[in-house]
Amino acid sequence: GTADSAAARDVDGGRDDAELEAFMVQLVDDAFDGSARLSGDAQSEFGLLVQGSRGRKSFANALNSKRAETMRVSDETFFRLVQLISVALHECSLGDDYLAAKTLMNMSFTYFHHFEGAREYLTRHLVSQPVWRSVRFWEAAFFDSVNSEQRKTRHLMLGPSAGDPARPRVWSQLSEEERDDATTADANILFGQLSCFVNNMVALEVGHAVVQD
């Protein structure tokens, strides 16, 4: 309602999506630039913006886009990212924002530096985040990943629908062999994602009770 809209404007400073995206892209660029300084004002504004779902999404997307350039980062960048992601994950936990948290989790397994001769990923410094203890987070992240992989695989396997090229053919349009192939592919995706998520939970030192659930 009106109160919710007003609260959202307070959090994002009245910025539209393009302005939020531009701020987060610049912030992430500065975090990766060893010669750039993250000002106190920029960090304070970041902390305010990630209190809103649009700010968290914009930050997660900016960080995701950056990995096309590099995954190995300098020590300075590494600890800047630990700080920024920690703040964002804390807000994800408070706001039950599990999709943004999933993207940030994936980024935490992506970026690394070398510590004592071995790769050290961001996750090592993020294991204490409360969101990892939430069964609801793991359920939401898991099913979102499964659904995303199934959509991509079905489009590749089944081909586009005659009526809508952006969508794959529906079940009734498939031959028996194609249905068997689709069922097998879905099962492979399910078990593949399950294995991946269990490994992530172990790496993040999630308690045995949460893993069992």
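The model is predicted, so local features need pLDDT of at least 70 and side-chain atom pairs count only at pLDDT 80 or more, while totals for chains, interfaces and linings use all residues. Residues are numbered from 1 along each chain as its sequence is written, and side-chain values use heavy atoms, without hydrogens or water.

Start with the core. The largest nonpolar core holds 47 residues. Such a core is a set of buried Ala, Val, Leu, Ile, Met, Phe, Trp, Tyr and Cys residues joined through side-chain atoms within 4.5 Å. Buried means under 20% relative accessible area, exposed over 50%, and partly exposed in between (1.4 Å probe, protein chains only). Phe-59, Leu-63 and Trp-132 have the most contacts inside this core. The elements that give two or more residues to it are α2 (17-32), α3 (40-49), α4 (53-66), α5 (75-95), α6 (98-108), α7 (135-158) and α8 (176-203). The largest share, eight residues, comes from α5. Helices (H or I, at least four residues) and strands (E, at least two) are DSSP runs, numbered from the N terminus. Leaving aside residues up to four places away in sequence, Phe-59 touches Met-24, Val-28, Phe-46, Leu-84, Ile-85, Ala-88 and Leu-104. Contact here means heavy atoms within 4.5 Å.

Now follow α8. This helix has 28 residues and reaches 41 Å from its first C-alpha to its last, close to the 40 Å expected at 1.5 Å a residue. The expected span is 1.5 Å times one less than the number of residues. Buried residues in α8 include Ala-182, Ala-185, Ile-189, Gln-193 and Phe-197. An α-helix has 3.6 residues a turn, so residues three or four places apart point the same way.

Of the 23 residues that line the largest pocket, Lys-102, Thr-103, Asn-106, Asp-144 and Ser-145 are the closest to its centre. A pocket is an open set of points on a 1 Å grid over the protein atoms alone, with protein on both sides within 12 Å along at least five of seven lines; lining residues have an atom within 4 Å of a point. The largest share of the lining, six residues, comes from α7.

Last, the backbone. Most residues other than glycine have a negative phi. Glu-116 has a positive phi of about 55° and sits in the loop between β1 (112-115) and β2 (118-121). Glu-116 is exposed, at 74% relative accessible area. Glu-205 also has a positive phi, near 55°, in the loop between α8 and α9 (208-212). Glu-205 counts as exposed at 56% relative accessibility.

How values were computed: 1 Å grid on protein atoms, 1.4 Å probe; cavity = no way out; pocket = protein on both sides within 12 Å on 5 of 7 lines; lining within 4 Å.
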